[in-house]
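Here is a short tour of one protein chain, from a single residue out to the whole fold. Have the viewer open as you read.

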Amino acid sequence: MTDLLEPHAIGQSLVRRDGVDKVRGTATYAFETDVEHPAFCHPVQATIALGRVTAMDTAAAEALDGVLAVLTPFNAERLASTEDAEYAVLQSPEVAFRGQLIGVVVAETSELAREVADGITVTYAEQPHDSVLRTDHPGLYAPEEVNAGHPTDTAEGDVAAAMASAEVTVEHTYDTQMLHNNPIEPHATTALWEDGSLTLWDSTQGVHPDRAAVSEVFGLDEERVRVVCPYVGGGFGSKGNPHANVMLVTMAARAVPGRPVKLALTRQQMFFLTGYRTPTIQRVQLAADHRGRLSAIAIDVVEQTSKVKEFAEQTGVPTRMMYASPNRRTTHRLAPLDVPIPSWMRAPGECPGMFGPEVAMDELAGALGMDPVQLRIVNEPDVDPDTGKPWSSRHLVECLREGAERFGWDTRGPGRRREGDWLVGYGVASSVYPTMRQATSTANVRFTDGRYAVEIGAADLGTGAWTVLPQIAADALGVDVADVDVHIGDTRYPTASVAGGSSGTNTWGSAIVQAAREFRGKYGTDPRDGDEASGDVDQAAMDDAHAAYAFGAQFVETRVNADTGEIRVPRLIGVFAAGRIINPRTARSQLIGGMTMGLSMALHENSVFDTRIGQVANHDLAEYHITVNADVQQIEAHWLDEHDPYVNAMGAKGIGEIGITGTAAAVVNAVHHATGVRVRGLPVTLDKVLAGLD
């Protein structure tokens with residue numbers, strides 16, 4: 001063991017510790033859990049969008065050899081808590097959306113469970129449903145707050161007066177589409193109810209929040225529930241909270257005590273049951289003088305929620321702090337519809353919320369005859385316009401300037417350029433994501449046989465926690481990173497917050513630093529076997545005097561075929577200021593992943609909702625299109641050397657979501673520069689471009 005007693009591990013570009021196991025297929029995911037003699041279950045889903053189940057013929061199914069249980073709203077156990085309506089599984093015959101869980105079959109094989117579930121005859125009393133999002137919906141209302149606890153509406157000054165007196169104004173409506181998270185590993189669980197205790201091997205972004213939710217729903221002491229999740233095959237927010245499927249498989253396991261029960265949702269089922277990004281309609285207003293200085297900025301958002309459970313995407317929140325303006329307004333209105341329940345999806349709020357305003361800024365630059373990069377620079381605020389607080393650090397201008405230099409922005413030119421059959425254009429947009437910090441994590445450090453073991457109930461979604469947490473611990477302990485092991489993904493380890501909001505590494509790392517400092521304070525540099533210490537999240541993470549955000553700038557080159565409207569993206573370059581980078585290898589992977597997802601949002605992804613029957617029509621990966629390697633030739637992620645002393649003990653900010661925000665707007669802006677066609681609704685498909693080409 002090498003005891004260096006000086007920071008050295010943070011900043012190393014280390015290979016992922018979990019990489020070999022994942023490549024070899026030896027990493028165990030939730031559905032692959034090796035348990036003895038498992039049973040399998042398959043859901044029964046409603047085939048109407050609104051109404052009531054009047055009867056379910058299950059007699060023949062229950063009589064089949066190999067069928068262990070058939071649960072319906074008419075015979076399922078009554079849950080201890082139905083306060084969260086999403087979790088009130090099989091508690092009522094009422095149907096609130098198409099695809100809702102109305103039953104489950106437990107059988108000896110997955111094939112039998114599926115066949116029997118599909119064969120159950122269900123009788124309904126169907127009612128007319130409402131699933132159309134529109135700005136004049138009669139049920140529009142203002143929620144008490146929007147996601148993450150933000151105020152629903154904000155106002156400062158007089159936007160209307162500023163718009164009326166401004167030299168230049170922009171006022172347009174922008175639409176973002178419904179999107180589904182679609183991690184490669186589906187939502188999956190293995191559940192075992194035995195001797196009055198429950199064990200869940202669940203694909204989740206947080207084992208402790210998972211346990212808390214299940215314990216409340218079933219009225220169990222948390223000590224009687226264990227959740228295990230060493231590996232997750234992606235989540236993108238959809239696994240941040242458990243969904244109804246987790247309650248269903250738990251209910252199935254309780255119906256056959258002593259038998260492990262497995263459930264893996266199909267791709268189609270995930271489009272109904274595991275959340276999605278709500279579509280938004282954004283009315284954006286900008287007012288400026290001839291120099292480009294904003295005198296007003298406003299965004300009024302209409303989006304949908306489910307009648308079952310409210311989710312209010314904080315789409316207007318980025319507009320509150322992004323640019324300086326004396327007159328400001330943001331509003332949110334929800335349309336309650338007979339649709340599945342929306343939820344978190346990578347960068348909720350900031351991702352859709354940066355689309356309308358950043359395209360509007362490009363339109364304002366065009367109206368002014370001004371460079372879009374310069375327009376953003378001249379509206380740089382000295383302090384947070386929303387709170388008046390100083391920035392913990394803000395280097396957006398530097399990101400814009402370095403990105404412009406790396407991209408070759410000075411060769412852009414004022415209008416379209418043609419190369420053969422292709423129209424070439426450049427676009428830019430800013431990116432932002434708040435530096436979220438949770439205060440609910442604890443870590444434990446133990447010394448055994450010459451090695452340091454760090455325990456914390458964190459989750460690695462594939463983001464690199466298995467690798468970066470040892471780096472943080474080694475740095476705080478002053479030892480070689482090779483001498484540190486981490487143990488995560490189990491509620492038997494100390495409490496950890498959810499891996500969401502780009503807050504995981506910040507929060508867990510802070511707890512690890514505190515535990516390491518406590519350990520060194522107790523035992524010095526020569527510990528003995530069995531020495532251990534614990535630490536809670538550090539107080540620096542609770543700084544409330546500064547506005548803390550990560551910033552970035554996205555630059556895109558698009559090529560649009562002059563005859564077909566086909567769109568290609570030769571280059572996508574992002575420059576970010578995201579605090580101290582723990583591991584450049586995993587950081588670059590996360591940033592490029594976010595940028596790719598933003599490109600996918602811009603050009604491909606679209607959950608096409610059939611309002612006639614109340615479901616997504618393209619609910620599989622054959623027709624739900626995503627960006628692949630052939631869609632972009634070059635993606636680069638760069639960052640500034642930034643160390644923010646206010647955000648946490650490491651000086652690091654989250655990087656999982658900053659890459660996606662702004663990307664779609666930059667693509668749209670590049671398409672306009674290439675073609676002169678302004679697309680204000682995503683995705684940018686060739687039919688929208690082709691109609692405007694000469």
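## Proline 336

In this predicted model, proline 336 has a relative accessible area of 18%, so it counts as buried, the cut-off being under 20%. The residue is part of strand S17, which spans residues 327–337.

What does proline 336 touch, once its neighbours within four places in sequence are left aside? Its contacts are His137, Gly139, Tyr141, Thr305 and Lys307. Glycine 139 is worth a look in the viewer: 197 residues separate it from proline 336 in sequence, yet their C-alpha atoms are 6.6 Å apart in space.

Take valine 684 as a place to start. With residues up to four places away in sequence not counted, valine 684 touches Ile567, Ala602, Leu603, Val668, Val671, Val679 and Val689.

## A pair of packed helices

Two packed helices are described by the angle between their axes and the distance between the axes. For helix H12 (residues 465–477) and helix H13 (residues 504–523), the angle is about 35 degrees and the axes are 9 Å apart. Their crossing is right-handed.

Which residues meet where H12 and H13 pack? H12 brings Ala465, Val468, Leu469, Ile472, Ala473, Ala476 and Leu477, and H13 brings Thr505, Trp508, Gly509, Ile512, Val513, Ala516, Phe519 and Arg520. Sorted by class, this contact of H12 with H13 has twelve nonpolar residues, two polar and one charged.

## The whole chain

Stepping back, the secondary structure of the chain amounts to 16 helices and 29 strands. Along the principal axes, its C-alpha atoms fill a box of roughly 75 × 70 × 50 Å. How does the radius of gyration fit with a compact globule? A compact globule of 694 residues would have a value near 26 Å, and the chain has 26 Å, so the two agree.

Of the 694 residues, 62% count as buried. Among contacts between residues at least 6 apart in sequence, 81% join residues at least 24 apart.

Notes
Residues are numbered from 1 along each chain as its sequence is written. This is a predicted model: local features need pLDDT of at least 70, side-chain atom pairs count only at pLDDT 80 or more; totals for chains, interfaces and linings use all residues. Side-chain values use heavy atoms; hydrogens and water are left out. Contact means heavy atoms within 4.5 Å. Axes are lines fitted to C-alpha atoms, for helices over the stretch in contact, and angles run from 0 to 180 degrees between N-to-C directions. Helices (H or I, at least four residues) and strands (E, at least two) are DSSP runs, numbered from the N terminus. A crossing is left-handed if the near helix is turned anticlockwise from the far one by less than a right angle, and right-handed if clockwise. Ala, Val, Leu, Ile, Met, Phe, Trp, Tyr, Cys and Pro count as nonpolar, Asp, Glu, Lys and Arg as charged, and the others, Gly among them, as polar. The radius of gyration is taken over C-alpha atoms; the globule rule is 2.2 Å times the number of residues to the power 0.38. Buried means under 20% relative accessible area, exposed over 50%, partly exposed in between (1.4 Å probe, protein chains only).
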